[in-house]
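Here is a quick tour of a protein model, written for someone who likes to know the cut-offs behind the words. Have the viewer open as you read.

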Amino acid sequence: MKTVVCLSPGALELVERPLPQAAAGEVLLRVRRIGLCGTDMHIFRGTQPFLQYPRVMGHELSGEIVTAPEGSALAPGDQVYVMPYLSCGTCVACRQGKTNCCTNIQVLGVHRDGGMAEYLALPERFVFKTDGISLDDAAMLEFLAIGAHAVRRGGVRAGQKVLVVGAGPIGIAVALFARLNGGDVTVLDGRADRLAFCRTALGIEQTVAVDDEDKARLSALTGGEFFDVVFDATGNVKAMERGLEFVAHGGTYVLVSIVLDRISFADPEFHKRETSLLGSRNATAEDFRTVLAAMKAGHVPTGLMNTHRTTLAEFIDVLPRWMEPAAGVIKAIVEV
């Protein structure tokens, strides 16, 4: 089968590999769609902290069941999506239902080879029927579920002032679900095209460009109180450290980003706000179901989000170009 392998940072190769064999309790999946994620770009750049090369990328997956275990709820021909966080089910986090931060987690395309291939074998408990949504939409569930999970972590309620820093795909997902929860959402980013997308595609009226006057404008938007909940989705150390300045007293700061370096805050700034500081990692099956329901209700503009598409054979050539801001990629999908 055709498989794209990232041999080392900056080096992709299309190779032939044997068809995987499904073990007991596993399904064999014919991969049909792969969403391109910021994580994949970090892998290509060499800035993903949980990974060793070579690696087959690809964790935003949808496809069709080829074989399923006897007695499974899945059957050959079923269209499915994949929850790519393979959790152990027994560790301290899993016992609390927090499978997204399992101590033994194996994320497809990060800790183990992912689905940038024609076929993939994986445990059936991480594979779910698409329930009527398209394969394109199903391949976009994962990054949206990360946003839905972050919003659930932040406890966003109707009427709260919410700031999302970073308008990449994850930030867009956070902004979308914060607004669906009734939050009064503002987005801060340095890219005018991303802010324009938030206004036109998501209907978010308040966007602020990063510059020397951005804090003053954020202050003006909130009557000087700043924001009840601030989400960072930048993947930038300085932005993550600065985001505390935008948290209202008594507010919550949710870090969705992951970076290689340490981050730090001035304790007086952190303490005087009585800040609730939260990390948000991956998503759970509940978050996937939240996104699926929102898609079926017509609340997610997936057609606008899917800005680019290609095939598995062409992916190697287009990826470097798509990583340039001028390409304007929001969500790219690879057809297999």
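## A proline to start with

Where is Pro-54 found? Look in the loop between helix H1 (38–45) and strand E4 (60–67). Helices here are DSSP runs of H or I with at least four residues, strands are E runs of at least two, and both are numbered from the N terminus. The peptide bond that joins Tyr-53 and Pro-54 is cis, with omega at about -5°.

## Ground rules

This is a predicted model, so to speak of a local feature takes pLDDT of at least 70 and side-chain atom pairs count only at pLDDT 80 or more, while totals for chains, interfaces and linings use all residues. Residues are numbered from 1 along each chain as its sequence is written, and side-chain values use heavy atoms, with hydrogens and water left out.

## The overall build

The protein has eleven helices and 17 strands. Its radius of gyration is 20 Å, close to the 20 Å that the globule rule gives for 336 residues, so the protein is as compact as a globular protein of that length. That radius is taken over C-alpha atoms, and the rule is 2.2 Å times the number of residues to the power 0.38. Along the principal axes, the C-alpha atoms fill a box of roughly 60 × 40 × 40 Å.

Of the 336 residues, 52% are buried. Buried stands for under 20% relative accessible area, exposed for over 50%, and partly exposed for anything in between (1.4 Å probe, protein chains only). Take the contacts (heavy atoms within 4.5 Å) between residues at least 6 apart in sequence: 67% of them join residues at least 24 apart.

## Surface and charge

The accessible surface comes to about 14200 Å², and carbon and sulfur atoms own 50% of it. Areas come from the Shrake-Rupley method with a 1.4 Å probe; for residues, only the protein chains shown count as cover.

The mean positions of the 33 positive and 38 negative charges are 3 Å apart. Lys and Arg count as positive, Asp and Glu as negative, with His and the chain ends not counted. Each charge is placed at NZ of Lys, CZ of Arg, CG of Asp or CD of Glu.

## Cysteines

Cys-91 is buried, with a relative accessible area of 8%.

Cys-198 is in no disulfide either, and its nearest cysteine sulfur, that of Cys-37, is 17 Å away. Cys-198 is buried too, at a relative accessible area of 1%.

## Two positive phi values

Glu-274 isn't a glycine, yet its phi is positive, near 50°. You'll find Glu-274 in the loop between helix H8 (267–272) and strand E15 (276–279), where it is exposed with a relative accessible area of 67%.

Asn-282 has a positive phi as well, about 55°, again without being a glycine. Asn-282 lies in the loop between E15 and helix H9 (285–296). Is Asn-282 buried or exposed? It counts as buried, at 14% relative accessibility.

## Around Ile-146

Ile-146 is part of helix H3 (residues 141–154) and is buried, with a relative accessible area of 12%. Neighbours within four places in sequence aside, Ile-146 is in contact with Tyr-85, Ile-170, Val-256, Asn-282 and Ala-283. Arg-273, by contrast, sits 127 residues from Ile-146 in sequence and 27 Å from it in space, C-alpha to C-alpha.

How values were computed:
A disulfide is a pair of cysteine sulfur atoms within 2.5 Å.
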